[in-house]
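Hi everyone, thanks for coming. I'd like to walk you through one structure today, so please have a look at it before I start.

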Amino acid sequence: MPQANTIQQKLIPTVLDFFDLDPAHTITPITTSLANRNYLVNTDQAAYIIKFAIQQTRPSLVNDVAIQAQLKTTPLLSN
């Protein structure tokens, strides 16, 4: 049976297509997450984090969406 991250990496092109994003140039697993599988995906348009919720509950996902909405209104600093 393939490892979970291999299955999810195969789904990333479908996720990008769903959101009408360019194909991935690189897909890099983010290995520091404890509850989910996260990937840094680079395309011609931008870099994205794609998150596959593995152990999160529905209420915590709703909270994540609210946090993302707040982050969109706040400029982030970069080095």
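**A salt bridge to begin with**

Let's start with two side chains, those of Asp64 and Lys51, which meet in a salt bridge at 2.4 Å, N to O. By salt bridge I mean a side-chain nitrogen of Lys or Arg within 4 Å of a carboxyl oxygen of Asp or Glu. Side chains of opposite charge can pair when their charged atoms come close. The structure holds 1 salt bridge. Asp64 lies in helix 2 (residues 58–72) and Lys51 in strand 3, so this pair ties together parts that are 13 residues apart in sequence.

How accessible are the two partners? Asp64 counts as partly exposed, at 22% relative accessibility, and Lys51 counts as partly exposed too, at 39%. For these words, buried means under 20% relative accessible area, exposed means over 50%, and partly exposed is in between, with a 1.4 Å probe and protein chains only.

Before going on, a word on what you are looking at: this is a predicted model, where local features need pLDDT of at least 70 and side-chain atom pairs count only at pLDDT 80 or more, while totals for chains, interfaces and linings use all residues. Residues are numbered from 1 along each chain as its sequence is written, and side-chain values use heavy atoms, with hydrogens and water left out.

As for confidence, pLDDT is the predictor's confidence in each residue, from 0 to 100. The protein has a mean pLDDT of 84, and 89% of its residues reach 70 or more. Where is confidence lowest, and where is it highest? It is lowest in helix 2, at a mean of 84, and highest in strand 1, at 92.

Now the overall layout. The secondary structure comes to 2 helices and 3 strands, and from the N terminus on, the elements run α-β-β-β-α. Helices (H or I, at least four residues) and strands (E, at least two) are DSSP runs, numbered from the N terminus. Of the 79 residues in the protein, buried ones make up 13%.

How do the strands go together? Two strands pair if DSSP finds at least two bridges between them. Strand 1 and strand 2 run antiparallel, joined by 5 bridges, and they form a hairpin with 5 residues between them. If you want to find that pairing on the screen, look for Thr28, whose bridge partner in strand 2 is Leu40. Strand 2 and strand 3 also run antiparallel, with 7 bridges joining them, and this hairpin has 4 residues between its strands. Here you can look for Tyr39, whose bridge partner in strand 3 is Ile50.

How many aromatic pairs does the structure hold? There are 2 aromatic pairs. Rings of Phe, Tyr and Trp (its six-membered ring) pair if their centres lie within 6.5 Å; planes under 30 degrees apart count as stacked, over 60 as edge-to-face and the rest as tilted. The rings of Phe18 and Phe19 have centres 4.9 Å apart and planes at 85°, so that pair is edge-to-face. Both Phe18 and Phe19 are exposed.

The rings of Tyr39 and Phe52 have their centres 6.0 Å apart and their planes at 80°, so this pair is edge-to-face as well. It links distant parts of the chain, with Tyr39 in strand 2 (residues 36–42) and Phe52 in strand 3 (residues 47–53), 13 residues apart. Are these two buried or exposed? Tyr39 counts as buried, at 1% relative accessibility, and Phe52 is buried with a relative accessible area of 15%.

My last stop is the loop between helix 1 (4–18) and strand 1, where you will find Asp20. Most residues other than glycine have a negative phi. Phi of Asp20, however, is near 55°, a positive value in a residue other than glycine. Asp20 is exposed, with a relative accessible area of 65%.

That's my tour, and I'm happy to take questions.
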